[in-house]
Amino acid sequence: MHVQDSHWSSALAAGAAMSTPTGGGRPDGARSTPLRVDAQRNLEHVLRAAREVFGELGYGAPMEDVARRARVGVGTVYRRFPSKDVLVRRIAEEETSRLTEQARAALGQEDEPWSALSRFLRTSVASGAGRLLPPQVLRVGVAEERGLPEHARLPQQRTQPAGELRLVPEAPVADDAGAAELLEVVGQLVERARDAGELRTDVSVSDVLLVIATAAPSLPDAAQQAAAASRLLDILLEGLRSRPA
């Protein structure tokens, strides 16, 4: 996991300062009018390259690396994304949204609680989204839960007992609503599996998100990476699952 907080420190300020940029563009590089075909193609290349570069090297990777991977000039990248913080925020928010949709799909399409949770984990790890999660999602603060009654360890972001799940205050937040939505939906998966007695009672939402972040290694060979991720996830799932006493 290569997520670095440094490029989030000025993301909100950059977004606010450029809320009405020259030319009517939005801070994420989107326009209110349709792009020309070549401009749209360049934008897609930049976003794809940014996902690959940040996924491999972390959010500390320079914009020049993104431009080289996209096979465009660095000026083209900056025309679409006026600062690196804007691009970082765009990618992280897209990945947060993608994980939320994967969690909703698992909830809606799997009747068995453990099948739903494991499907979400396998889909998310296979997509590589864990390497691109923003810091405020991964750095979830969980108070000590040992010794608390069972009801206090259920979806903490709703019941908010001493083991409350919360976004870390000192981590600048690019999209509170998107991060909170992800935590809520994953919390439902965790609650269902725990209620069914299939998930260890000490496993929290933050544990599940950390599994996603750590079970998606970045290796140079695609086949080796897929095999390693699958093997590691199998081991981690076994660690999460409840066992008869």
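**Helix α6 and its surroundings**

The crossing of α6 and α11 is right-handed, the label used when the near helix is turned clockwise from the far one by less than a right angle. All of this comes from a predicted model, where local features need pLDDT of at least 70, side-chain atom pairs count only at pLDDT 80 or more, and totals for chains, interfaces and linings use all residues. Residues are numbered from 1 along each chain as its sequence is written, and side-chain values use heavy atoms, with hydrogens and water left out.

The axes of α6 and helix α11 (residues 222-240) come within 11 Å and cross at roughly 150°. That angle makes α6 roughly antiparallel to α11, a word kept for angles over 145 degrees. On the α6 side, Trp 114, Ser 118, Leu 121, Arg 122 and Val 125 meet Ala 229, Leu 233, Asp 234, Leu 237 and Leu 240 of α11; contact here means heavy atoms within 4.5 Å.

Helix α6 (residues 113-127) also holds Ser 124. Ser 124 counts as buried because its relative accessibility is 0% (buried is under 20% relative accessible area and exposed over 50%, with a 1.4 Å probe and protein chains only). Leaving aside residues up to four places away in sequence, Ser 124 touches Leu 99, Gln 102, Ala 129 and Ile 212.

Then there's Arg 71, in the loop between α3 (63-70) and α4 (74-80). With 79% relative accessibility, Arg 71 counts as exposed. Its phi is near 60°, a positive value in a residue other than glycine. Most residues other than glycine have a negative phi.

Conventions: Helices (H or I, at least four residues) and strands (E, at least two) are DSSP runs, numbered from the N terminus. Axes are lines fitted to C-alpha atoms, for helices over the stretch in contact, and angles run from 0 to 180 degrees between N-to-C directions. Angles under 35 degrees count as roughly parallel, over 145 as roughly antiparallel, 65 to 115 as roughly perpendicular and the rest as oblique.
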